[in-house]
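Have a look at the model first, and then we can go through the bonds together.

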Amino acid sequence: MPAATDSPRRRALRNRDLRPLPQTGPVWWGDPMLLVGRLRVGVIGVVLALLVTLLSAAVDTTPQVGVHVVSSPRPDMVSGGDVLLRVTVPPGLDPERVTVTVNGLDQTSAFDRAGAQRIMLGLVAGLRIGFNEVRVTAGPATPPTVLTVRNHPTGGPMFAGAQQYPYSCTTHLFTTAAGNRLPRAEGLACHVATRVEYVYRGTDGEFRELADPRRLPSDVSRTRLDGLSVPFVVRVETGVINRGVYEFAVLHDPRHGEPTVHATATGWNRRLVYTFGGGCPGGWYQQGTRTGGVLDASLLGRGYAIASSTLNRFANNCDPVRAAETMAMTKEHVVETLGEPVDTIGTGVSGGSYQLFMIGDNYPGLLDGIVAGQVFPEVAVATLQTLVDARLLHNYVTSYGRDWTDDQLTAVTGFGRAATLQHLAMTSSRLDPMQNCPDVLPREARYDPVDNPRGARCDVLSHQDNLWGIADVTSGAPYRALDNVGVQYGLGALNTGMISVADFLDLNERIGGFDRDAMATPQRIRADPQALAVAYGTGQLISGGGGLRNLPIIDFRNYTDHEAGGDLHLRFHSFTLQQRLVQANGHADNLVSWVSDADNGPSSIAGSAAVIRMAEWLTAIDQVRREGDVSGAPAVVAARPAGLVDGCWIAGRFVTERHVDGHVGSRCAKQYPAYASPRQVAGAGVVNNQLACTRRPVDRRDYAADFTDQQWDRLLRVFADGVCDWSVPGIGQATPHRVWSAF
């Protein structure tokens, strides 16, 4: 489809203050103030009337019907024109007398009323865009229960802000699980008709399309569910939600008809696994042609439903809030098709882990457990900050001909391999608006500061301009939360004697920064206050104290710190996550960490094994909550199965150990050492949550090396604004003030 033209005006319109959507409070059973609202009485009369009303309410024991949104964590975050509701009828009221209306239209027939149930599910349709009134009554003698539901378009947006343009719809390049191509999309929403296909797993282990769902082929394999042998046939649905291609799969015998919320899939164990794909560079301006994957035979064969979307693969969409929005809308549709899951487990590696932790902390209610590999806490800080430092250090080394040895390079950078510096510097191209443009973005549409200053910027921060806001309307450059003012690069290397005072001074004098177009500058980078407010206030830097405090987490890492050519997936990021949890909650007992590599342990400690262990943990959490007064984080910790512990694989055997940061202290630390980042070498902690450090005057006590008077004067000039004081919060640093931020 032709892409809409981005313009300064369109970009400026996306540069808004953060405004949360109207918050839906408790479900009100009626409005007693209506009794007095129109009375023209004096002050005394109003007070007396109010007292009478309150006293009447206090002694009123009339039972009331409850109504709750099942398909979304919030009634103001509903999409697609329908919503799954649960109606609860207390003792004393007749379920047969319950009626449900939506915007005045009777929708009672949508609810399963068999056997006069006191808990009824119903999928009500026909919601209009915007606010809708759900009214439930149980006869004229009881007051109505009213719930306001806010519905958003299937094509989005819901809470992530203005959608990105230009945007390439690529449905015609998407191959379904059955091996068929989707048709070309229609309209700006990239719409195609929803498709339901069936595949079966053959006796050779391969999935094939089931040509006739009414007849099973002779080579269909079988799997066991609850002790019964059933045919391994999988229902796969594919469509478009929020401009992303979604798909979800579940074991289901098509000879029993299509599943509904009242008669769900025959092979579903009531657990949903949502998969998140990795990447980031090039993850903009496109719909994408792959999701996080849904055909996992091990999980499907055990009854799990699996869902994903192309916009939950960071190689297509590197915006964590858009990813959260897409996951929320896609999960809602799955729930409205199959029914309410017992729990939802999110799993993903690398760029998938970004999404897991940011969704878990900032949008609670979407995930119940996290299984994450090659962990990064978030994209905007944990990764980008390290890439910024690597880019600047590599520029310095190559520009000024430093003949440092590999040992000196690792001492200055903190990395375990000297080659890691060049690898991360190359990876920092995701910050360059003229690199990593996807193939589907025409060359004439791409940004160039001279030839096309209004073109589409191909960098991660510009892709997230709905979050950060626009700093330069002409070029479309966003505000940045990046900062290196006051950072003493190589401080640890100086204090251990790996580099000289002259080296230290030259490095920090010349390190510089880069501008919004990623062009090197002699000045260091200063964070924009607007971006700092967004990063801290909306959880773009996760605190660990939002939804994550109540979630069980399995962190599995295939160790790559010793890769000969360097690698981005450094182990210290796992300790960053751990320390964020400790700092926010006083502990990280809801986190289990495993480490392996290609030569030790299973070929993949990601996969279904970790998901199955997570399911055991979630089952235990439910039991603890049912049997006692424990809830929230204490229930998560109390319910952790005894055998689910930290450890690593050495020589093919699992070693049970509590992981420690560093090179020594345990067998796992020696086998899989966690190295540092350039900021840690500069004195920062592994918690890595100070975007722009608070600065203090230079102090001779910080240095083990001796400075001449001339060198000291030079140091004072280099750090005229002071050096980082890592012992105090950074500039603008604050705990996120809300969850479910809307942009």
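The S-S bond of Cys648 and Cys668 has a torsion of about -90 degrees, so this disulfide is left-handed. Keep in mind that the model is predicted. The bond is one of five disulfides in the structure, and with the bonded cysteines numbered in sequence order, the pairing runs 1-2, 3-4, 5-6, 7-8, 9-10.

**Cys648 and Cys668**
- The two sulfurs are 2.2 Å apart.
- Cys648 sits in strand β25 (residues 647–650) and Cys668 in helix α17 (residues 667–671), so the bond ties together parts that are 20 residues apart in sequence.
- Cys648 is buried at 0% relative accessibility, and Cys668 is buried too, at 1%.

**Cys280 and Cys318**
- This disulfide has an S to S distance of 2.1 Å.
- Its torsion is about -95 degrees, so the bond is left-handed.
- Cys280 is in the loop between β15 (271–276) and α3 (297–300), while Cys318 is in the loop between β16 (305–309) and α4 (320–338), so the pair links parts 38 residues apart in sequence.
- Cys280 is buried, with 0% relative accessibility, and Cys318 is buried with a relative accessible area of 0%.

**Cys437 and Cys458**
- Here the S to S distance is 2.0 Å.
- The torsion about this S-S bond is about 105 degrees, so the disulfide is right-handed.
- Both Cys437 and Cys458 lie in the loop between α8 (419–427) and α9 (460–463), so the bond joins parts 21 residues apart in sequence.
- Cys437 has a relative accessible area of 16%, so it counts as buried; Cys458 is buried at 0%.

Key:
Residues are numbered from 1 along each chain as its sequence is written. This is a predicted model: local features need pLDDT of at least 70, side-chain atom pairs count only at pLDDT 80 or more; totals for chains, interfaces and linings use all residues. Side-chain values use heavy atoms; hydrogens and water are left out. A disulfide is a pair of cysteine sulfur atoms within 2.5 Å. Helices (H or I, at least four residues) and strands (E, at least two) are DSSP runs, numbered from the N terminus. Buried means under 20% relative accessible area, exposed over 50%, partly exposed in between (1.4 Å probe, protein chains only).
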